Amino acid sequence: MSMITIEHLRKEFPGLTPLADVNTTINKGDVISIIGPSGTGKSTFLRCLNGLETPTSGKVIVDGEDITSGDCNINLIRRKMGMVFQSFNLFGNLNILENVISAPVNLLKIPKDEAIAEARELLKRVGMLEKQYNYPDELSGGQKQRVAIARAIAMKPEIILFDEPTSALDPTMVGEVLSVIKGLAREGMTMMIVTHEMRFAKDVSTRVFYMDEGIIYEEGTPEQIFDNPQKEKTRKFIKRLKTLTFDVDSATFDLPGINTMIEVFGRDNSLAPRMIRNLNLIFEELTAADLVQKAETLPIHVDIEYSETDESAKISLTYGGEDYDPLESGDPLSAKIVKNIVSSAEHTYTDKNSIVMELRS
Amino acid sequence: MKSSSNGSRKILPVDIVIIVALIALVIALVGILSGGNDDNGKIVDTNGDGQVTLADYSGKKIGSITGVNYDDIINKCVPGSEIMYYANYADMIVALKSGMVDAIILDEPVLYAISRQDPSIAGIPEDMKPWDMSFIFSPKPNCDLLLSQMNMFIEECKEDGTMEELQTIWFGDDESKKIIPPLTDLSGEAGVVNVALESVYEPIVYIKDKTIVGFEVDLLYRFCQKYNYSLVLNDMDFDAILPAVSVGKYDIGASGMSYNEEHAESVRMSTPHYSTGTLLAVPASDLGMGNTANDSFSLSGMIDKVKSSVNKNFVKEDRWQLIVKGIGTTCLITFISILAGSIMGFGICLLRRTDSRLANPICNAYTRFIQGIPMVILLMILFYVVFGKSKISSVCVATIGFTLIFAASASEIIQSGLNSIDNGQREAALALGYTDTQAFFRFLFPQAALRFIPLYCIEMITLLNDTSIVGYIAVQDVTKMSDIVRSRSYEAALPLITSTLIYFLLAKVISLVMDRLFKTIQPKRIKPEDKTMIGGED
């Protein structure tokens with residue numbers, strides 16, 4: 001059952017267009033993780049859904065009402081849409097219990113006793129009942145965020161929007177908040193979560209949006225997005241790939257310079273020192289000692305990729321000339337050294353030679 | 001607001017220290033000053049002609065009062081002397097008695113009144129400049145009749161001996177004769193005569209037994225009696241009388257106005273009603289008169305002096321009631337201004353929040369304008385220009401002025417408090433379904449209040465102290481009343497330190513109230529040991 005329909009949503013800021021054209025439908029029971037690089041409009045997208053940002057154009061239809069139209073009472077729509085912020089935003093002048101009961105009592109006109117009983121139940125669920133009389137500034141970040149979640153649930157919303165709920169937290173506190181959100185997912189709460197926690201997104205969601213270039217760049221089940229992304233940008237983001245590419249176009253190229261370049265790339269991306277040495281070694285044995293000696297191979301295109309997720313590296317060499325695999329037909333000692341280092345090596349030839357080698361730490 | 005942090009509302013030791021220090025200062029100053037210049041009995045006869053004359057004061061320090069042009073006279077009659085300016089007679093006399101100046105220049109009747117009360121001051125009997133005393137009249141056409149009636153009346157009085165009788169009464173020694181019937185006895189059939197004067201000018205216009213009396217007042221009373229007017233006396237700063245009359249705020253200006261060409265340009269002058277002179281007053285000891293007995297410096301002597309000073313300043317003629325009245329006026333202006341200014345300042349903040357293209361620049365312009373002009377000038381503009389023609393009371397004008405001033409600073413302070421609240425608070429409230437207004441009153445303002453109250457309290461105390469300038473527009477607040485007392489007792493220390501204490505205590509009241517308010521809206525944090533106790537119910 002469709003709950004929210006988004007049509008051609010566009011949001012412009014002066015000199016910046018975080019959302020270009022977003023189209024999607026959110027159904028009851030969906031748990032949607034929104035991932036993507038920083039600055040690609042994930043938070044803006046979420047904030048457009050409950051009107052905290054006013055879209056430049058397009059429609060956001062919630063339960064049949066277009067919130068972008070003038071005659072819609074956004075305050076009533078917002079009651080149905082909970083929101084949890086990166087910076088918690090608990091009301092500093094109210095204690096924990098008051099934070100949770102404030103909106104139900106004042107807006108939904110629920111009798112105070114009833115609201116307090118419910119709030120205590122919720123606080124118990126998020127493990128915060130003990131702190132009910134404390135004030136927000138006496139709580140840790142993780143505790144605040146759990147209270148913020150309880151505050152959102154207390155309105156019995158149809159959907160909860162999480163805007164990077166763990167980004168402002170110490171790594172030690174991320175777990176307690178994620179487990180509360182997981183609990184909600186198990187109960188069938190409809191949720192949209194902007195997050196950088198990939199493992200969590202994979203475990204908890206039913207759908208994953210990869211946002212980039214102001215649109216939902218790729219969408220799918222967690223398996224599709226995380227294990228088998230279809231688009232290059234998605235794959236790079238998921239694997240958290242770091243790449244280094246350069247060409248060698250002369251036999252008298254600057255070998256120490258290239259070695260230094262690989263070393264800097266490795267250090268910048270926290271590669272294991274051994275892996276940096278090995279990448280250098282492969283480059284030297286195959287390219288410097290072998291391929292550049294043959295003039296027809298030039299230019300040699302070198303592509304190094306490092307995945308932070310599985311801490312593996314891939315080095316590929318693309319070069320011209322006839323079908324030639326240095327690991328088979330080149331200097332046996334070099335071939336042996338390289339084969340010892342790599343976990344796999346594959347040579348192909350179509351109109352060009354290509355050799356792809358993988359290294360694991 | 002320091003006391004808010006340590007949670008005590010009792011008067012703190014620091015306050016007690018200040019009060020004790022002030023009282024000690026009173027005793028010391030009064031003890032030293034009220035004795036007068038009795039350190040020696042020398043006769044100042046520098047040129048050795050066997051007589052103390054004006055020439056003996058050439059090259060010395062001469063005290064003069066501001067707002068009256070004595071410079072020429074001093075330069076002509078006592079050449080080469082250095083002129084020191086004082087705001088009122090009381091200050092000048094204190095300066096003479098404490099030796100800050102060697103002589104002071106005074107009008108004859110004033111000198112007479114002073115020396116009668118304080119024999120340690122005497123005049124050199126050489127008239128430096130005879131002059132005529134008149135009333136000034138508003139240039140408005142509706143005062144034409146009034147002026148001609150007054151001129152006629154003065155002529156009549158001179159002819160039938162009334163003027164002489166008045167002089168005998170007011171410049172004489174018999175205090176029992178110095179009485180004017182209540183102003184309410186006047187019929188007022190022909191209308192109201194509004195008079196601007198300053199009541200610190202014994203025996204011309206001064207306060208005795210809490211009412212304004214004096215030679216000129218008596219003359220005015222008799223005039224009104226004859227022509228069936230009612231009389232309203234407006235006591236204000238001398239400097240303010242001429243402008244107030246020239247714009248027509250008042251019909252007549254009194255308090256020993258002399259004729260000069262500048263005055264004649266903006267106001268009209270009546271026929272002179274009294275011819276007088278200008279004398280130099282010096283310590284009586286200079287002339288070999290007065291009490292030259294050298295008091296020995298002792299504690300009991302000092303306490304006696306304090307007693308007599310208290311008697312002179314507060315007990316005599318029930319002068320303490322003047323001070324009490326002044327406290328009432330100061331409180332009225334301060335507290336109404338704070339209240340109305342807070343409401344207005346809050347309104348300005350709300351307008352600014354609307355992001356309206358019009359409201360924001362207007363509010364900004366308002367605060368910049370109000371904060372950009374000196375308060376005295378703002379008050380005078382309100383008094384003489386804005387409300388110049390209206391009959392609104394001067395306390396009212398002062399209250400309006402300080403309301404405008406307080407609104408400007410209150411709005412700035414509230415605004416800065418609101419700005420310090422993270423926008424996330426508002427967004428969280430909106431996301432729950434609160435309206436913008438609800439979010440403001442439930443979450444933003446209460447949190448901002450906690451941050452701006454300490455600053456707000458300081459601003460309120462500043463306002464209280466700033467109200468001491470209202471004397472400029474004929475309001476009799478604590479400061480003005482203490483000036484009036486000083487003008488009768490010719491003492492500075494006790495009245496001034498009493499005003500200091502009064503302002504200090506009023507400021508204390510403000511900070512106690514604000515402290516209390518702060519505690520009321522502060523979140524009620526519960527100490528860890530109490531939590532289990534309350535945890536069960538609610």
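A residue is called buried here when its relative accessible area is under 20%. That cut-off comes up several times below, in a model that is predicted.

Salt bridges come first. Over all chains, a search of the whole structure turns up 32 of them. One pairs the side chains of Glu427(B) and Arg47(A), with an N to O distance of 2.5 Å. Glu427(B) sits in helix α16 of chain B (residues 423–432) and Arg47(A) in helix α1 of chain A (residues 42–49), so this contact joins two chains. How accessible are the two partners? Glu427(B) has 13% relative accessibility and therefore counts as buried. Arg47(A) also comes out as buried, at 13%.

Another bridge stays inside chain A, where the side chains of Glu328(A) and Lys339(A) meet at 3.7 Å, N to O. Here the partners come from helix α12 (residues 326–329) and helix α13 (residues 332–341), so the pair ties together parts 11 residues apart in sequence. As for accessibility, Glu328(A) is exposed, with a relative accessible area of 60%, while Lys339(A), at 44%, counts as partly exposed.

Chain B has a bridge of its own between Lys480(B) and Glu198(B), whose side chains meet at 3.1 Å, N to O. Lys480(B) belongs to helix α18 (residues 478–489), and Glu198(B) to the loop between β6 (192–197) and β7 (200–201), so parts that are 282 residues apart in sequence get tied together. Both Lys480(B) and Glu198(B) are buried. Back in chain A, salt bridges with shared partners link Glu232(A), Arg235(A), Glu305(A) and Lys314(A) into one network.

What lines the second largest cavity? Its lining is made up of Val100(A), Ile101(A), Pro104(A), Ile110(A), Ala115(A), Glu118(A), Ala119(A), Leu122(A) and Ala154(A). Sorted by type, these lining residues are eight nonpolar, no polar and one charged; Glu118(A) is the charged one, because Glu counts as charged. Two helices of chain A, α3 (96–106) and α4 (112–125), each supply at least two residues of the lining. Of the elements around the second largest cavity, α4(A) gives the most, with four residues.

Note on methods. Residues numbered from 1 in each chain as written. Chains lettered and ligands numbered in written order. Predicted model: local features only at pLDDT ≥ 70, side-chain atom pairs only at ≥ 80, totals over all residues. Heavy atoms only, no water. 1 Å grid on protein atoms, 1.4 Å probe; cavity = no way out; pocket = protein on both sides within 12 Å on 5 of 7 lines; lining within 4 Å. Salt bridge = Lys/Arg side-chain N within 4 Å of Asp/Glu carboxyl O. Buried < 20%, exposed > 50% of the residue type's maximum accessible area, 1.4 Å probe, protein only.
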